Amino acid sequence: MGTAEPRPASRRLRLVSAPGAEQPAPVSDEELLLAFQRGERGIGLRLYEHLLPVVDRTLYRILGCREQDHADLVQGAFEQIVSTLAKRRFAGECSLAGWASVIACHVGLSALRARRRERKVIDRTPAPEAGPEPPARSADPEREVSAQRDLEALRRHLAAMDGDRATALLLHVMGYSLNEIADLTGVSAAAAQSRLSRGRRELQARWESGAATRNDPARPEELR
């Protein structure tokens, strides 16, 4: 009779796993696009939930933190996404997520340029709940400060660069191959390679020209 104990436990296990069966199955890009074209109810929310991770992650990588206007930038990216879909300008030659990352790149670069023009006139202190996780305590504070200064300089250089070249560089850093960059930006592989190569040279030249300033914190860095 002592063997009757496992049966209730088995039923409990089935009850615990039951909610997982109610979760909607992942949808394909084709299903989302078809639902959008049909104007199905709730498609806006489905599209938002599907693309929010890549949009949020791309903006965060470009800007370095989630500042007070982060939600506005996300909304701006989605407005462009929906507008492009409504005008049927998405050719479907790449994934929706990849295409959304390109739009987020443009939005992020535009935000960088706007902040560069502001020259710290407007207070952009990140909201406590919206900023990145506090960095771990470093054994070398001077090196950490120097690395942070280099990152800020890199973002300023990207903001000042040709948009197509900067986008190609950012997509490359995010792990996209040359052929994927060509598909995402709607150009040939040769053109994508040219943008990437020129972007590297331009960034290298800007980096070298600003090296002396970065190494001397007492000198104000000019925003090129």
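A: In the largest nonpolar core, which has 46 residues, V55, I81, L85, L96 and W99 touch the most other members. Such a core is a set of buried Ala, Val, Leu, Ile, Met, Phe, Trp, Tyr and Cys residues joined through side-chain atoms within 4.5 Å. Among the elements that give two or more residues to this core are helix 2 (29-38), helix 3, helix 4 and helix 5 (96-118); the largest share, 11 residues, comes from helix 5. Helices are DSSP runs (H or I, at least four residues), numbered from the N terminus.

The model is predicted: local features need pLDDT of at least 70, side-chain atom pairs count only at pLDDT 80 or more, and totals for chains, interfaces and linings use all residues. Residues are numbered from 1 along each chain as its sequence is written, and side-chain values use heavy atoms, with hydrogens and water left out.

Leaving aside neighbours within four places in sequence, L85 is in contact (heavy atoms within 4.5 Å) with L33, F36, L47, F90 and W99.

Two aromatic pairs are found in the whole structure. Rings of Phe, Tyr and Trp (its six-membered ring) pair if their centres lie within 6.5 Å; planes under 30 degrees apart count as stacked, over 60 as edge-to-face and the rest as tilted. The rings of Y48 and F78 have centres 4.8 Å apart and planes at 40°, so this pair is tilted. Because Y48 lies in helix 3 (residues 43-63) and F78 in helix 4 (residues 70-86), the pair ties together parts 30 residues apart in sequence. F78 is buried, at 9% relative accessible area (buried means under 20%, exposed over 50%, partly exposed in between, with a 1.4 Å probe and protein chains only), whereas Y48 is partly exposed at 36%. The rings of F90 and W99 are also tilted, with centres 4.7 Å apart and planes at 35°. F90 is buried at 14% relative accessibility, and W99 is buried at 9%.
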